[in-house]
Number of protein chains: 2
Amino acid sequence: MSQISEVEVIDLRFPTSLSLDGSDAMNPDPDYSAAYLIVTTDAAPADSGHGFVFTIGRGNDIQTEAIRVIAETLIGRNVEAIIDDMGGFWKELVHDSQMRWLGPEKGVSHMAIGAVVNAMWDLKAKRAGMPLWELLGSMNPQELLDLVDLRYLSDFMTADDALSILQKAESGKAARMQELRDRGYMAYTTSPGWLGYSDEKLARLCREALDEGFEQIKLKVGANRNDDIRRLRIARDICGEGFPIAIDANQHWDSAEAVDWIGDLAEFDLRWVEEPTSPDDVLAHSYIQKHISPTPVATGEHCQNRILFKQFLQADALRVMQIDATRVAGVNENIANLLLAAHAGVPVCPHAGGVGLCELVQHMSMFDFVAVSGSMDDRCIEFVDHLHEHFVTPVDVHSGRYWAPSAPGAGAEIKPETLHAFAFPEGPKWTELPDTADAKAPAEASA
Amino acid sequence: MSQISEVEVIDLRFPTSLSLDGSDAMNPDPDYSAAYLIVTTDAAPADSGHGFVFTIGRGNDIQTEAIRVIAETLIGRNVEAIIDDMGGFWKELVHDSQMRWLGPEKGVSHMAIGAVVNAMWDLKAKRAGMPLWELLGSMNPQELLDLVDLRYLSDFMTADDALSILQKAESGKAARMQELRDRGYMAYTTSPGWLGYSDEKLARLCREALDEGFEQIKLKVGANRNDDIRRLRIARDICGEGFPIAIDANQHWDSAEAVDWIGDLAEFDLRWVEEPTSPDDVLAHSYIQKHISPTPVATGEHCQNRILFKQFLQADALRVMQIDATRVAGVNENIANLLLAAHAGVPVCPHAGGVGLCELVQHMSMFDFVAVSGSMDDRCIEFVDHLHEHFVTPVDVHSGRYWAPSAPGAGAEIKPETLHAFAFPEGPKWTELPDTADAKAPAEASA
């Protein structure tokens, strides 16, 4: 028996707007940030769970405060009562009738719940001595179903539908776990494609991606049509016919413009078109998907919750689902999202990059392979080689693949020295910056 | 020339959960609250603008902090530069590329922008010496269009569509303004219908509503089907055949259950069915509307932004649009919402109640009559007789109508003594409460 004795929140920001590594059509100058939470127990020795929300700078203080308010309600609570009933814990937080008014189930308050939930999953996995993907993969179908809130989903997927997906995946679990340990999970890289890069740099980075063994790349588009055509031609020439190249417009278009613009890029045989328009717009995505078919529409990194994902699937508005580890209310809601995708027969290719999104979301894809979809076909996880050095157990990505993590936990833990150095605004990495720290240089951007 | 010299934010809460006046199917015990903002200038004499976000208790601290972070960026800025270009100001806040990550355009961060925008509208209207509805109503079509962000709307309503709506309403503006001053705008009351009331109290309050001149009432439903039938029978018997009675399920159902349940209530000739399911679920509302037609589906108090409203209209998923004064990013976004509704030919009947929502939203309906739809047909504004005494210029509702406000401003200003007394948790109304203050008594609920 142990209690939660302390919660600590940290407004952690990296001055990435100072660098010149890329930019996209909507995010010219992000400072990659994490609203970071540590939940500590009074166990002997004390243990802890870590979770966070990724943001891109301004507003990380708001997100941090939201996490603090919710996390402080945990102090004094029994740890085992929480981690033995993670489904009940999730519902308690998400269904809080007063707090729910702030969303419901979207934005700052919902993401804050995600950080709290994920910190408890990190703690649970550490206590189990397992990486999160293995812990989830070893739960049985009913235990997994109990983690998920099916409210508002029944007109697409019933509890019976979800249970039968999980039951079907029972067979072969051990072999799939071993397969992940032996050969990992396909990664793709967004590194070559930031809008701010010169043609020469784009060409060089495409060649490097091939040399490193990546089997898919992604380019940012949407700022200038002729630039997009020229850059895609460079990438296609280097990568060769048939090599998967995806594009990402970061919400830049209205729907008619999207269809027209994408039409001009069709000759490049696109793997998918990502975020063509507002992430809230199911009907616009459905229209775009209809008109660019068979090229798939991909979206999800800004998809607020499972209810919106459900509608995207109902309306054939996406054909690649890009879950994000910190956009929704944590692991539980992403299990719902994986189930919805499996029910629709749509592959999940998570969004990653930022701060620690790769570290977190790899667990969801690997769990999906083990216990939900049972497949790695047409599936891959985004990879951006950035800020991994700050994590206690950084991702192992090489030869174009994510290699299955073996360290216990959810992968969220950032090194103490980083938490000190990059705390905003008082950490030494911020106080020692030249005055240009907040300058508007085009810089590292959202994946 | 003046500058913004100070911003003050207050976490204001009313211990409404202590009373027993009503409850609904999703909100058993709200403490009506406002995350409140005062923007003060260095003009001589100093003037100020007031704005807020309505919440129902826990989380009001998160909302207040979000407003503080955004409002503090205004300190030192030129007031006239802002209030002379309210469209540019809105876009500057909403399109901030880093802050946008927290939504985009939804939840805590978006509502916080709404409070800031509305405070500047309050200041602008006070300086103009006009109530907000008159100020907006006296702007010309191009000036009004410049207030609105049309991004992501063009597949339903183009800039030309919006402009022609506004131009068409130019004719007769002065007469409609006078009509509002002479006979006000229809109100309807939710007071009789809270779930927690006895049948006797329901009957008494229905009779009182009739006596007070209301021409529509609304009942909460969704907790128990037999209770709903019995309560509707009581209300119908008292109000008589043909009297408009709406019902509100506060998001309680999945879509199939909604259709089935509403079918059992059809004999009562419902004016509308409000919030049958998740406010994010365009497709479920469309399904429900199709199956309960000709009874209208009404929703909107939790509708996160204009992009979602657009989809509800595209999909025939609502036939009564219920804008809320503090759910979206302020007056500007609600003008977009009014334009979308006018373009679709759907009446707007705003959500109100809570803290000050009546005071704020009456301006939007009256402006709609003057300069957008040009019609009061099938339109009314919700009224709950609660907490108005705390406002400097409370609504004037009698004889079943909202009477047009004449005081300069947006109606948001709360009395200084209330701001002191109900500040949470340090105000005397909280420190002097018995220990039961946070008890879970069924209580006053969301409208």
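A residue counts as buried here when its relative accessible area is under 20%. C303(B), with a relative accessible area of 2%, is therefore buried. Keep in mind that this is a predicted model, and that everything below is read from its coordinates.

Searching the whole structure turns up zero disulfides over all chains. C239(A) is in no disulfide either: its nearest cysteine sulfur, in C206(A), is 4.6 Å off, and the cut-off for a disulfide is 2.5 Å. C239(A) has a relative accessibility of 11%, so C239(A) is buried too.

Setting aside neighbours within four places in sequence, the contacts of R306(B) include the charged residues E105(B), D149(B), R151(B) and E333(B). W90(B), L153(B), A336(B), N337(B) and L340(B) are in contact with R306(B) as well.

E105(B) isn't a glycine, yet its phi is positive, at about 60°. You'll find E105(B) in the loop of chain B that runs between α3 (86-94) and α4 (107-128).

## Two helix pairs

Start with chain B. Helix α11 (residues 255-265) and helix α12 (residues 282-292) of chain B have axes 9 Å apart and pack at an angle of about 25°. Angles under 35 degrees count as roughly parallel, so α11(B) and α12(B) fall in that class. Their crossing is right-handed. On the α11(B) side the contact is made by S255(B), A258(B), V259(B) and I262(B), and on the α12(B) side by A284(B), Y287(B), I288(B), H291(B) and I292(B).

Over in chain A, the pair to look at is helix α10 (residues 225-239) and helix α11 (residues 255-265), with axes that come within 10 Å and cross at roughly 30°. That angle makes α10(A) and α11(A) roughly parallel to each other, and the crossing of α10(A) and α11(A) is right-handed. Which residues meet there? From α10(A) come R225(A), D228(A), I229(A) and L232(A), and from α11(A) come D260(A), W261(A), D264(A) and L265(A).

A162(B) sits in helix α7 of chain B, residues 159-168. With 0% relative accessibility, A162(B) counts as buried. Outside the four places on either side in sequence, A162(B) is in contact with L145(B), M157(B) and L339(B). For a sense of distance, take L232(B), which is 70 residues from A162(B) along the chain: their C-alpha atoms are 40 Å apart.

Q362(B) is part of helix α15 of chain B (residues 357-372). Leaving out neighbours within four places in sequence, Q362(B) is in contact with I381(B), V395(B), Y402(B), W403(B) and P405(B).

If you're checking backbone torsions, chain B has a couple of peptide bonds to flag. The bond from A44(B) to P45(B) is cis, with omega near -5°. P45(B) lies in the loop between β2 (33-41) and β3 (48-55) of chain B. The bond from S293(B) to P294(B) is also cis, with omega near 10°, and P294(B) lies in the loop between α12 and β8 (297-299) of chain B.

Y152(A) is not a glycine but has a positive phi, near 70°. Y152(A) is in the loop between α6 (141-145) and α7 (159-168) of chain A. At 3% relative accessibility, Y152(A) counts as buried.

Notes. Residues are numbered from 1 along each chain as its sequence is written. Chains are lettered from A and ligands numbered from 1 in the order in which they are written. This is a predicted model: local features need pLDDT of at least 70, side-chain atom pairs count only at pLDDT 80 or more; totals for chains, interfaces and linings use all residues. Side-chain values use heavy atoms; hydrogens and water are left out. Buried means under 20% relative accessible area, exposed over 50%, partly exposed in between (1.4 Å probe, protein chains only). Contact means heavy atoms within 4.5 Å. Axes are lines fitted to C-alpha atoms, for helices over the stretch in contact, and angles run from 0 to 180 degrees between N-to-C directions. Helices (H or I, at least four residues) and strands (E, at least two) are DSSP runs, numbered from the N terminus. Angles under 35 degrees count as roughly parallel, over 145 as roughly antiparallel, 65 to 115 as roughly perpendicular and the rest as oblique. A crossing is left-handed if the near helix is turned anticlockwise from the far one by less than a right angle, and right-handed if clockwise.
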